[in-house]
Amino acid sequence: MKLSEDWLSVIIAFAIMALAMIGLINPAWVAF
Amino acid sequence: MTTTSVPSQPTERKTLTGSLIGLAIVVVLSLVTHYVYNLVQPLTLPGNIPGKVLEYPIWAAAIGLVANYVLKALKVHNQVKSGFRTELFLKIGLILLGAKISFSVLVTSAGGAVVQGLIMVTSVYFFSWWLAGKFGIPDTLRAVMSTAVSICGVSAAIASAGAVLAKKEEITYVTALVIITALPLMVIAPLIAGAINMPEPVAGAWFGGNVDTTAAVVGAGTIYGPQAQEIAAIVKNTQNALIGVVAFGLAYYFSTVVEGKKERPSLNVIWKRFPKFVLGFILASVIFTVGILQKGDAFNTIQDTKAWLFTAAFLCMGLELSVGDFRKMGWTPFLVYIVVTIFNTLLALVIAYLIFGWLMPPTAF
């Protein structure tokens, strides 16, 4: 089954949230 | 797109290498945008313009347009454009934005947004359909154009094109039309809102109701303020959720009335066309509201990542603009689109004030 862009965006967004919440993304790396 | 649309360019090759190079270009340009944005913020520009009014969406779109021109001049745009993923970057960013919006704000705003969306989509769609008919624009093109201007630009154009079996050049034309009108509106609408001291929630609802593509809506909201950004995203996402219903209605009309077929399109099209990322946006808001995600390092990291993704999306808007596609269809559809956009802008202004300023204001932030 081909993964749609919508579902891909959901997976990536929640992966980013999970990584940030367990502290695997250093805030300094992404400071805007 | 085929080579016939831009004869001077080599054949499009959607390869993994091309996509990765395109993506790398977006990453580098995002860093450039961030650098320029931070450099200009504390300055006063010629004409006494404070640098801080030039928010990052403006820089991103402008840098994207310049890069677009350079890549086309070097004849490499077609090879790398599969890495320019406006919609993907935008959708991820919108879900992350959901992680800072209280669920009560989302629900109360979505209530107003549904009312506003139904009024706006119906009025603008049928006005555009009627006007385009008066100017003799073919049914397929006016269906795609009317859906784009009344719902949410590019993705609505693609959804309706599938329903009415529009020609590929009609989709690329409307896509170019959407970006050409949305980019200036992204900058002008916040200026107008500022000039008349429009409250942020009303401004957000206005941007969500009148700017044609979600990226530009979020851009306008970002330029105006954080509350405007949130309400603009909620209103636009609510409007986006109506794509499926319109696609079903169009498929029904074209198959039964225009083509005279007896078979009816399936209701499944409503779910098929429903933008699933909106579910992620709602879930992220719930996660924030129930306290699984609290303000602190993780929260800031998520919101900063969101700003990078929005930067990439605004850059891609500039990078994807294709004037070549636009020129092929002539001026009549363009003029119709402009008139409908003005109608859309004025109607959305009245409706946003009525609903978000008076009848159904969102709960306090």
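Modeller: The discussion below takes the terms one at a time.

Modeller: This is a predicted model, in which local features need pLDDT of at least 70 and side-chain atom pairs count only at pLDDT 80 or more, while totals for chains, interfaces and linings use all residues. Residues are numbered from 1 along each chain as its sequence is written, and chains are lettered from A and ligands numbered from 1 in the order in which they are written.

Biologist: What makes up chain A, in terms of helices and strands?

Modeller: Chain A has 2 helices and 0 strands. The C-alpha trace of chain A spans about 35 × 20 × 10 Å along its principal axes.

Biologist: How much of chain A counts as buried?

Modeller: Of its 32 residues, 25% count as buried. The term requires 20 or more other C-beta atoms within 10 Å of the residue's own; 12 or fewer make a residue exposed, and anything in between partly exposed, with C-beta atoms placed from the backbone.

Biologist: How many residues of chain A are said to be in contact with chain B?

Modeller: In chain A, 18 residues are in contact with 23 residues of chain B. Contact means that the two C-beta atoms, placed from the backbone, lie within 7 Å. Helix H1 (5-21) and helix H2 (27-30) of chain A are the elements that give two or more residues to this side of chain A. H1(A) gives the most, with 13 residues.

Biologist: What is the make-up of the side of chain A that touches chain B?

Modeller: Its residues divide into 15 nonpolar, 1 polar and 2 charged. Here Ala, Val, Leu, Ile, Met, Phe, Trp, Tyr, Cys and Pro count as nonpolar, Asp, Glu, Lys and Arg as charged, and the others, Gly among them, as polar.

Biologist: Why is B:Ala284 called buried?

Modeller: B:Ala284 has 25 other C-beta atoms within 10 Å, and is therefore buried. B:Ala284 lies in helix H14 (residues 277-289) of chain B. Leaving aside neighbours within four places in sequence, B:Ala284 is in contact with A:Met17, B:Ile95, B:Leu96, B:Gly98 and B:Ala99. B:Ala284 and B:Leu97 are 187 residues apart in sequence, yet 8.1 Å apart in space, C-alpha to C-alpha.

Biologist: What makes H15(B) mostly covered?

Modeller: Of the 24 residues of H15(B), 18 are buried. In H2(B), the buried residues include B:Trp59, B:Ala60 and B:Ile63. The buried residues of H2(B) pack against H1, helix H3 (77-80), helix H8 (168-195), helix H10 (214-224) and H15 of chain B.

Biologist: Why are H5(B) and H17(B) called roughly antiparallel?

Modeller: The axes of helix H5 (residues 103-134) and helix H17 (residues 332-359) of chain B come within 10 Å and cross at roughly 160°. Axes are lines fitted to C-alpha atoms, for helices over the stretch in contact, and angles run from 0 to 180 degrees between N-to-C directions. Angles under 35 degrees count as roughly parallel, over 145 as roughly antiparallel, 65 to 115 as roughly perpendicular and the rest as oblique. H5(B) and H17(B) are therefore roughly antiparallel. The residues of their contact divide into 17 nonpolar, 5 polar and no charged.

Biologist: What makes H5(B) oblique to H11(B)?

Modeller: H5(B) and helix H11 (residues 226-240) of chain B pack at an angle of about 55°, with their axes 8 Å apart. That angle makes H5(B) oblique to H11(B). Their contact comprises 9 nonpolar, 5 polar and 1 charged residues.

Biologist: Why is H1(B) called oblique to H2(B)?

Modeller: Helix H1 (residues 16-40) and helix H2 (residues 56-73) of chain B pack at an angle of about 135°, with their axes 9 Å apart. H1(B) is therefore oblique to H2(B). Their contact divides into 10 nonpolar, 2 polar and no charged residues.

Technical notes. Helices (H or I, at least four residues) and strands (E, at least two) are DSSP runs, numbered from the N terminus.
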